[in-house]
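Subject: Structure handover

Hi,

Here is the structure we talked about. Please open it next to this message; my notes follow below.

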Amino acid sequence: MAEPLKVVVTGAAGQIAYSILYMLGHGDVFGPNQPIILHLLDIPPMMEVLGGVVMELDDCSFPLLAGVVPTDDPAVAFKDVAAAFLVGAMPRKQGMERKDLLSANVKIFKVQGEALDKYAKKDVKVLVVGNPANTNALICSRYAPSIPKENFTAMTRLDQNRATAQIAAKVGVPARLVSNAIIWGNHSSTQFPDVSHAIIDIGGKPTAVPEAVKDSSWLSSTFIETVQKRGAAVINARKMSSAMSAAKAACDHMRDWFLGTQPGKFVSMGVLSDGSYGAPKDVIFSFPVTIKGGKWEIVQGLEINDFAKKMLSTTGQELEEERKEAIQIIEA
């Protein structure tokens, strides 16, 4: 057995974390031979609830779980961690605007960035789940100058999984047969779900999604709108934000980051933009990436048509506006 990996989950008493913790303990993220020590951070009023979560972790009797550290102290939570799931944030509620979320949550991620900078391993891999995730990740990285900027990512894997599921349902195949769906830009209603480069395995034959779907009108309208608005649809139906699906996506994201992507496959991650595909620089922008040896790389050379360029421009502008507003909030 390898040395235990220290993993922090913030908002650890919440609903998303509840599902993440099971998958972590079960070995679904770091592999079946990697023991972990869980650092669970939440706010003081939630410590009793967190105690119940720790009881359940004990009762699961996971072979890979080498220890659990529940705390409301960032200095304890972030000490020597190699992976961070930053879930804790004010959840989006029915009728809330993203700007309301930004104002409430950006200060949380400043504090967590400072704690990561001071206490975490310098090669820690940070995944921001709490919304608005892209801009929260940017602020977090801004306050952790000793950690490489490429180690801060935002979750758009949930959107990718949603896109994959919509395509699979349309064609009538299992979701596992659909690959290389892309989410460009922000984890918001301006994101661009793009399946022009996606593949479906039909009877053992790789087939381009547009060819398999045979409905360009649906792909350029209903499909995009459904993925963009899926989070709001879940809130309307469930009266709460996505939890189980968000947890699964977070674990997918971190697993691929640690263990790598399969040959010929790419995944969507919010990463620091270098200006690829005309995206604005120095925002956390979702791109298709491949991962090897724990390092992500933006997939280059994909053909982008005029429709896609317009969509990328819109979501990029939103991210620039969010960055400006977040910095104003922090510096006020």
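How many bridges join strand 7 to strand 10? Two, and the two strands run antiparallel. Strand 10 covers residues 199-202. Helices (H or I, at least four residues) and strands (E, at least two) are DSSP runs, numbered from the N terminus. Two strands pair if DSSP finds at least two bridges between them.

Before the rest, some ground rules. This is a predicted model, where local features need pLDDT of at least 70, side-chain atom pairs count only at pLDDT 80 or more, and totals for chains, interfaces and linings use all residues. Residues are numbered from 1 along each chain as its sequence is written, and side-chain values use heavy atoms, with hydrogens and water left out.

Val178 stands opposite Ile200 of strand 10.

**Helix 5 against helix 12**

Helix 5 (residues 133-142) packs on helix 12 (residues 306-331) at an angle of about 50°, and their axes are 10 Å apart. Axes here are lines fitted to C-alpha atoms, for helices over the stretch in contact, and angles run from 0 to 180 degrees between N-to-C directions. That angle makes helix 5 oblique to helix 12. Angles under 35 degrees count as roughly parallel, over 145 as roughly antiparallel, 65 to 115 as roughly perpendicular and the rest as oblique.

Helix 5 contributes Asn134, Thr135, Leu138, Ile139 and Arg142 to the contact (heavy atoms within 4.5 Å). From helix 12 come Leu319, Glu322, Arg323, Ala326, Ile327, Ile330 and Glu331. By class, the contact has six nonpolar, two polar and four charged residues. Ala, Val, Leu, Ile, Met, Phe, Trp, Tyr, Cys and Pro count as nonpolar, Asp, Glu, Lys and Arg as charged, and the others, Gly among them, as polar.

**Salt bridges**

The count comes to seven salt bridges (a side-chain nitrogen of Lys or Arg within 4 Å of a carboxyl oxygen of Asp or Glu). One pairs Glu331 with Arg142, with the closest N and O atoms 3.3 Å apart. This pair links distant parts of the chain: Glu331 is in helix 12, Arg142 in helix 5, 189 residues apart.

**Backbone**

The peptide bond from Asn131 to Pro132 is cis, with omega near -5°. Pro132 lies in the loop between strand 5 (125-128) and helix 5.

Best wishes
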